[in-house]
Amino acid sequence: MTGSGAASRDNGGDNGMKGQIARALTEATGLLRGPQRVVPLIRKLVSDKLRIAFEQRHLYSYTTTRRASGDALNLLLRWILDAQRPDGGIAAYYSLLTGYSESYPEVTGYIVPTLFDIARAAGDDGAAVAAKRATRWLLSLQMPTGAFPGGLHGGEAQPSVFNTGQILQGLVRAHRETNRPEILQAAVAAGNWLVNRQQADGSWAGPGAYQDVAHTYYSMVAWALAELSERTADHHDHGVGYGRAAERNLDWVLSHVRPSGWIDGINLRGHPNYLHFIAYALQGVLECAILRRRSDAIQVVAKSAWVLLRKFETNKWLLGAYEPDFKGGRRFTCLTGNAQMSCVWLRLFEVTDDLRYLNAALKMNEMLKQLIPARGRRGIAGGVSGSYPVWGRYQPLRYISWGCKFFADALLLEQRLTRSFAASAPEALPCAS
Amino acid sequence: MRIVVLCSSVHSETACAMAVRVAELGYVPAGALALPTLDRGTLRRKLGQWGLRDVARYARAKLIPRHGDGQARVINHYLQPLLKHADGVFRSLREAAALYGFPVAVCKDQNAPDSIAHLKEWSPDLIIFTGGNILRKQLLDVPRLGVLNVHLGLLPEIRGMSSPEWSLLNHVPVGITVHYMDAGIDTGPVLQRCEFPEAARCESLSDLRNRLVAFGVEKVGEVVAGLDHGTISATQQSDLDKDNQFFVMHEWLQARAAERLTKSRLATLAGTVNG
């Protein structure tokens, strides 16, 4: 599960505790094993400290472009390509203490569409080659049931609903790009497993679900099923009802929405409601709703996204984690969550034509562009840190691959939508009536 | 009618023009309350907002007195007719105050208790807001009629920031609204709502803004006279439940708004030539 300590937290009980202790020790001794990381670590800590001490966020923050989106996209792509391990998987993160992690199946899965999008937008063959390598590696990980394992590669392989859904995103896209039958076969097997594991109420709970409980941010899984439904309808009707399963989950998530726009049921025991997961829930519902033509669900997302937009426009930043009803939260920034909100706002602009969503996303992207290091060693340059400042609670002292993925998605969406908006001819003024 | 002008600085051209406009109509302000031109907080805020180079220009403009006949120094030249006087151009609200005989006070916070006390001493019927702090209820309750604001957009369609630009992009006629302020953002009762017929003749967004400010000053004069003669009354805004608030516009969208303005100007020019 991206953002929740990757692999080991999927293992419960004593194993989980032992794993956490082992990870803490590994992190703590990381600098002894890699002393070359000391200087970059100190540099990052000092620069973030200075920045938060002197930077004044104000009404006009982020209204001007200081770095071209294309340049930022190139930096992100370089970071992702550098993070691709020899096996073809993408590392979960680059830690300022321990360096690159092992390959991470979940992110490798849903970074595939991003790589294909970059390849198409920038004409970068390297991105397409990386996406195909990643897909080959993913196919090698699939379990006989059709599920994919949770956690980092090399750990104990347990089937995971969320990771299977996220990887399904990548498989569907890879099939669209390559038309290779074994990819569709793997996608269908994953989809079948997800449908079979779904509860009667539309949620996913029990074994395979994180901490064995249902989560509303599994709407991302519903989105993947809706994608599979679209894709398989091109070929033949499998009779499994991926689309119906996606909508069942959509209805279950919508039943958890409060009048304030807050979505209950993120359900991460022992963790705050990180913006990353709030945005997951919104993104999953929105994309699923667009594919299934569910305007009621789009309106629900628009309401929640508007609450966050007002907070961003008023305060110039979003908190890293929120209390229910968006009342207060943790005072750090979750950059991945910000990039996801930019994606949500851009898609809402696309479906509603409300330019305020585009405006907020443009500013959010400016903010994120300013926080990407243009220089530095491999793993740092072009990276998106888990938190800003880097010692914030969400993925501290790490540059994370899913942060790069979501920010690249946001920039790609920005490019596409601004181009099409600029191309639409302006009309004469309606004044002087 | 006792009027007080609130402004962000004694050097505010808009405030100066506004005071002159109402004074010329026979309503010499009972006083004006300004924020300090250069205090540490303002400088720090502007440093973050504009950057060092523009803040240096701003500081120089505020600190070094304007010389010569002053005419070339007027930033918004659409206000020049109001700022002009026998000896040149008003360089600050203090100069206008000296000519028309009203006091100018400077405070760090317009909502502070001593500022409120100062305002109460002037016992205004109406306060005209031209800039400064976000006003709190204690201040809004001081004048008998209310606090007047000129919003550079038509209410209730366009509330909040970058209103002319948002009007251009959202196919809403460009205009101004004179309204009473309340605790919300541009949600108070409307006194006058005027479309701006010259928008399609504007050369740029800053030209449009300057013209709208001058248009607003003009209209405030009409509203003040109308209130005094009982010919104007306020109307509650409709759509209060609808979120029509807009925020500061990103420069990319501003460029699109400017394109729209240019296209309209060219169409107007073509119409003039053909006509």
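Analyst: Q395(A) is buried, because its relative accessible area is 6%, under the 20% limit for that label. This comes from a predicted model. Q395(A) sits in the loop between β7 and β8 of chain A. Its phi is near 50 degrees, a positive value in a residue other than glycine. Most residues other than glycine have a negative phi, and most peptide bonds are trans.

The bond that joins Y388(A) and P389(A) is a cis peptide bond. Its omega is about -5 degrees.

Where else do such backbone features turn up? In chain B, the peptide bond from L155(B) to P156(B) is cis, with omega near 10 degrees. P156(B) lies in the loop between β7 (146-151) and β8 (159-160) of chain B. Back in chain A, D212(A) has a positive phi, near 65 degrees. D212(A) is found in the loop between α8 (181-197) and α9 of chain A.

Now for the rings. R398(A) lies over the face of Y93(A). The distance to the ring centre is 3.7 Å. R85(A) puts its charged end over the ring of Y100(A), 4.6 Å from the centre.

Rings also pair with each other. Over all chains, a search of the whole structure finds 24 aromatic pairs. F349(A) and F421(A) form an aromatic pair with centres 6.3 Å apart. Their planes stand at 70 degrees, and the pair is edge-to-face. F349(A) lies in helix α13 (residues 335-352) and F421(A) in helix α15 (residues 401-423), both of chain A, so the pair ties together parts that are 72 residues apart in sequence. F349(A) counts as buried, because its relative accessibility is 7%. Chain A also has an aromatic cluster. It is formed by Y110(A), F162(A), Y217(A), Y218(A), F277(A), Y280(A) and F406(A).

Next comes a pocket. The second largest pocket has a volume of about 780 Å³. Its lining counts 26 residues. Nearest the centre of this pocket lie P113(A), D117(A), R173(A), W223(A) and L413(A). The elements of chain A that give two or more residues to this lining are α5 (105-122), α7 (161-178), α9 (219-233), α11 (275-292), α13 and α15. By class, the lining of the second largest pocket has 12 nonpolar, 10 charged and 4 polar residues.

Is T232(A) buried or exposed? T232(A) is buried, because its relative accessible area is 4%. Its side chain reaches the backbone oxygen of S229(A) at 3.3 Å.

A127(A) counts as buried, because its relative accessibility is 0%. From A127(A) to N273(A) there are 146 residues in sequence. In space, A127(A) and N273(A) are 33 Å apart, C-alpha to C-alpha.

Key:
Residues numbered from 1 in each chain as written. Chains lettered and ligands numbered in written order. Predicted model: local features only at pLDDT ≥ 70, side-chain atom pairs only at ≥ 80, totals over all residues. Heavy atoms only, no water. Phe/Tyr/Trp six-rings, centres within 6.5 Å; stacked < 30°, edge-to-face > 60°. Helix = DSSP H or I, 4+ residues; strand = E, 2+ residues; numbered from the N terminus. Buried < 20%, exposed > 50% of the residue type's maximum accessible area, 1.4 Å probe, protein only. Lys NZ or Arg CZ within 6 Å of the ring centre and 35° of its normal. 1 Å grid on protein atoms, 1.4 Å probe; cavity = no way out; pocket = protein on both sides within 12 Å on 5 of 7 lines; lining within 4 Å. Points joined across faces, edges and corners; volume = space filled by probe spheres on them. Nonpolar A, V, L, I, M, F, W, Y, C, P; charged D, E, K, R; others polar. Polar contact = N/O pair within 3.5 Å; in protein donor to acceptor, adjacent residues only side chain to side chain.
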